[in-house]
Amino acid sequence: MSESCLDYALKYLDMGLSVIPILPGTKRPAVEWGEFQRRLPTVKKVEEWFSRSMNVATVCGRVSGGLTVLDFDKPESFEKFFPRWKELLKATPIVQTARGIHVWLRSERPCRSFKIPELQLDVKGEGGYVLAPPSVHPSGRIYRFLNPDVFEEGHILLVEDVKEDVWRRAEQLGVRRVYDLSDLEL
């Protein structure tokens, strides 16, 4: 028997991640989620939300211990960015999405969400959220961990500054860094 979104939501909460319910068949929150960017929901609230059919999302940013998700639109983009990606499978949760790959990291330094279109990469940080396993994408594909053993351990790789690390790698791949307001301190 597979675990439900409630089971996963409680596990995410236990890992110190803020979670929100997502309307089935969409990527839209089922609740006003602003407060859950600042505080974790209670177990009781999570049980209430997921007592009916819902997708689950993890909220990124400080509320979730610095959770920052690298959202690659295509597996090829992920493999180009992480040529030794098989080693990464041992270090942090990695999710297969409907089209691509999510890499879960924790950043000691807060990071706002930003995009690097040349790499088909959307970095989800402060103010963002991502659908998480076992949610069903609007296309019908199910989100799943590529390394469920690492997820079960509850470990998310901690890095000092995700934003700087991502841009350093992007520059190695020939992408010119764009500076904008998101480079200001949070």
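1. A salt bridge is counted here where a side-chain nitrogen of Lys or Arg lies within 4 Å of a carboxyl oxygen of Asp or Glu, and by this rule the count comes to 9 salt bridges. The structure is a predicted model, in which local features need pLDDT of at least 70 and side-chain atom pairs count only at pLDDT 80 or more, while totals for chains, interfaces and linings use all residues. Residues are numbered from 1 along each chain as its sequence is written, and side-chain values use heavy atoms, with hydrogens and water left out.

2. Arg109 and Asp161 form one of these salt bridges, with their closest N and O atoms 3.7 Å apart. Arg109 sits in the loop between strand E5 (101-107) and strand E6 (114-116), and Asp161 in the loop between strand E10 (158-159) and helix H6 (162-172), so the pair ties together parts that are 52 residues apart in sequence. Helices (H or I, at least four residues) and strands (E, at least two) are DSSP runs, numbered from the N terminus. With buried meaning under 20% relative accessible area, exposed over 50% and partly exposed in between (1.4 Å probe, protein chains only), Arg109 is partly exposed at 38%, whereas Asp161 is buried at 13%.

3. A salt bridge also joins the side chains of Lys124 and Asp122, at 3.6 Å from N to O. Here Lys124 counts as partly exposed at 21% relative accessibility, and Asp122 as buried at 14%.

4. Glu35 and Arg39 meet through their side chains in a salt bridge of 2.6 Å, N to O. Glu35 is partly exposed, with 35% relative accessibility, and Arg39 is likewise partly exposed, with 37%.

5. Which residues form the negative surface patch? Glu3, Asp7, Asp149, Glu152 and Glu153 do, where a patch is made of residues with over 30% relative accessible area and no salt bridge, like charges being joined within 9 Å and nonpolar side chains (Val, Leu, Ile, Met, Phe, Trp, Tyr) within 5 Å. Asp and Glu count as negative, Lys and Arg as positive, and His and the chain ends are not counted. Helix H5 (residues 148-153) gives the most to this patch, with 3 residues; Glu152 has its place in H5 and is partly exposed, with a relative accessible area of 44%.

6. In helix H1 (residues 5-14), the buried residues are Cys5, Tyr8, Ala9, Tyr12 and Leu13. They cover an arc of only 140° around the axis, which puts them on the same side of H1, the arc being that of the directions from the helix axis to the C-beta atoms. Just after H1, Gly16 takes a positive phi of about 85°.

Notes
Accessible areas come from the Shrake-Rupley method with a 1.4 Å probe; for residues, only the protein chains shown count as cover. The place of a charge is taken as NZ of Lys, CZ of Arg, CG of Asp or CD of Glu.
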